[in-house]
Amino acid sequence: MLRPIFKKGSSTACTSYRPISLTSCFCKLFERILKESVLEFLLNNNLISRHQHGFLSKSSTCAQLLESVNDRSLAISNRRLSDVIYYDFSKAFDFVNHPNNLQVVRMWFNWQTVGNFGCILSNKLQRVVIDNVCSPYAPVTSGLPQGSVLGPLLFLPFINDVTDLFDVAVNVKLYADDIKIYFEIVNNANVDWLQKGINDLSTWAENWQLKLSVDK
């Protein structure tokens, strides 16, 4: 069951609410066991990008910030300018397409694990209930279950390859769906490398049906 939790904006707008999954204790226990096993597999095989700082142990916004500050301090010491660009995907968890997500998961895990993830994402229905009046059921084809144990873990493989879009010299930092890129500009070729990465990121987001938050 999903419960709409107010996030920001107008309280009368549907887009101002975040759908939070309410699951049973047994379901959460199963998800936690599965998460620990899957996360251990991902980390032991170095499948998660080292630039990702979200939803992982010993990683945080603070760790990402320390790495960024160190890199920027070195650039200042070398008397070089740095271009810094921040990206945020608009409601990334809501727009993750289920078939696309499972397509990525199939490349990483065996069929048993994929089957477990498929049960969590596939064949879901939703409806709206207001004052005991119910709308017809509609299929849920996108969105990761927020408030669940496995929701964040399912997002990590989905966005993992975004760091491959940039030249090795371009610094990329991730925290879940938040992306920060920065690069020391020495000559015009550096600008071209950075611009190519920006263009590729825009194309990647379009292909995977994610929207960049232009307002932010």
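Predicted model: local features only at pLDDT ≥ 70, side-chain atom pairs only at ≥ 80, totals over all residues.
Figure 1. The C-alpha trace spans about 65 × 45 × 30 Å along its principal axes. The chain has 216 residues, and 37% of them are buried. Take the contacts with a separation of 6 or more: residues 24 or more positions apart account for 64% of these.

**Figure 2. Helix H1 covers residues 25-44.** The helix has 20 residues. At 1.5 Å a residue they should span 28 Å, and the end C-alpha atoms are 29 Å apart, so the two values agree. Five names make up the buried set: Glu 31, Leu 34, Val 38, Leu 39 and Leu 42. These residues lie on the same side of H1, because they cover an arc of only 135° around the axis. Helix H5 (111-121) and helix H6 (151-159) are among the elements that cover them. Now look at the face turned away from the buried side. Exposed residues sit there: Cys 25, Phe 26, Ile 33, Glu 36, Glu 40 and Asn 44. After H1 comes Asn 46, with a positive phi near 55°.

**Figure 3. Helix H2 runs through residues 61-77.** From first C-alpha to last, its 17 residues reach 24 Å. That is close to the 24 Å expected at 1.5 Å a residue. Gln 64, Ser 68 and Ala 75 are the buried residues of H2. Their arc around the axis is only 25°, which puts them on the same side of the helix. What do they pack against? Their partners are strand E3 (81-88), strand E8 (171-175) and strand E9 (178-185). On the face turned away from this buried side, Leu 66, Ile 76 and Ser 77 are exposed.

**Figure 4. A close look at the two ends of H2.** At the start of the helix, find Ser 60. One of its side-chain oxygens comes to within 3.3 Å of the backbone nitrogen of Cys 62. Past the other end, H2 is followed by Arg 79. The phi of Arg 79 is positive, near 55°.

**Figure 5. Gln 64 is a buried residue of helix H2.** Is this glutamine buried or exposed? Its relative accessibility is 13%, so Gln 64 counts as buried; the cut-off for buried is under 20%. Set aside its neighbours within four places in sequence. Gln 64 is then in contact with His 53, Lys 173, Leu 174, Tyr 175 and Lys 180.

**Figure 6. Three strands form an open sheet in the order E3-E9-E8.** The pairing is antiparallel. E3 and E8 stand at the edges, and each has a single partner strand, so one side of each has no neighbour in the sheet. On average, neighbouring strands are turned by 15° against each other, direction ignored. How many bridges join E3 and E9? The pair has eight, in the antiparallel sense. Trace across from Tyr 86 to find the residue opposite, Lys 180 in E9.

**Figure 7. Helix H7 lies across strands E3 and E9.** This helix takes in residues 188-207. Compare its direction with that of E9: H7 runs at about 165° to the strand. Look back at H2 as well, whose buried residues also pack against E3 and E9.

Note on methods
Residues numbered from 1 in each chain as written. Heavy atoms only, no water. Helix = DSSP H or I, 4+ residues; strand = E, 2+ residues; numbered from the N terminus. Expected span 1.5 Å × (residues − 1). Buried < 20%, exposed > 50% of the residue type's maximum accessible area, 1.4 Å probe, protein only. Arc of directions from axis to C-beta. Contact = heavy atoms within 4.5 Å. Polar contact = N/O pair within 3.5 Å; in protein donor to acceptor, adjacent residues only side chain to side chain. Pairing = 2+ DSSP bridges. Axes fitted to C-alpha atoms, helices over the stretch in contact; angles between N-to-C directions.
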